[in-house]
Amino acid sequence: MPSLVNLLIASMALTYVSTTESCLRIMDLCFVVDSSASICSGDPNYTKGDTTCVYWKAILNCMQNIVQNLTISQVATRIAVVKYASKGAREWNLTRGVDKATVLGNINGLVYSAGYTNISGGLDTMMNLVFNATYGDDPNSPNVAVIFTGSNATDPTTVQPSIDRVHGAGVTTYTVGLKSDPYSAQQLASDPKLNNQQVFLVDSFLDQYLNQIYAALMYQLCSDTC
């Protein structure tokens, strides 16, 4: 049975569904997206070598929905994207994520990689190439990450030092993961790691399930200032 707190959060979060730009918050936001084999392996229509699958498309749709409800500009929210599979890769940094239409188009064009699940590679890439003043990070803007994770890391021993570095630098992390494999989502989220507040678990990376957690996630992203 849902807790009173979760019901309250869900009720208040509905305000972020009805408009395409309802959250005005100053922050630097990085999406860290699992692009490893764990994402598309369950799609019966996926063939090795394909650059997308139904689950990958749904993750991109969720990212676009978040962006649609943020005020994207140089002086409000800036967007960066990191993918990780066998290694981490920065798709673009914060200085390129200041125009909503451009960001939405770039998300739509993200290509699925496959490969191993190198979570620490994604986290280290975020810290080295996104939340770094050399690459445009603003020390006066809060650093926030939304991390999509489909499974545990191929080498789980590498993850804790990397996420400790992230949290030690003051980055707030929200995670979207699977109910069937929740460990990495819980490990990567900021404290207190509460369901539907820092940790968002879904039955599957499909639109109908990601839509169920979208409003609550938006509420958390925006609640400080909206």
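The model is predicted, so local features need pLDDT of at least 70 and side-chain atom pairs count only at pLDDT 80 or more, while totals for chains, interfaces and linings use all residues. Residues are numbered from 1 along each chain as its sequence is written, and side-chain values use heavy atoms, with hydrogens and water left out.

I call a pair of cysteine sulfur atoms within 2.5 Å a disulfide. That rule gives two disulfides. Counting bonded cysteines along the protein chain, the pattern is 1-4, 2-3.

Take C23 and C222. Their S to S distance is 2.2 Å, and the link is left-handed, with -120° about the S-S bond. C23 sits in the loop between α1 (4-13) and β1 (27-34), and C222 in helix α8 (residues 207-222), so this pair ties together parts 199 residues apart in sequence. Helices and strands here are DSSP runs numbered from the N terminus: H or I of at least four residues for helices, E of at least two for strands. Both C23 and C222 are buried, meaning under 20% relative accessible area with a 1.4 Å probe, protein chains only; exposed is over 50%, and partly exposed is in between.

Now C40 and C53. The sulfur atoms of this disulfide are 2.0 Å apart. The torsion about the S-S bond is about -80°, so this link is left-handed. C40 belongs to helix α2 (residues 37-40) and C53 to the loop between α2 and α3 (54-68), so parts 13 residues apart in sequence are tied together. C40 and C53 are both buried.

Two further cysteines to mention: C30 is buried at 0% relative accessibility, and C62 is buried with a relative accessible area of 3%.
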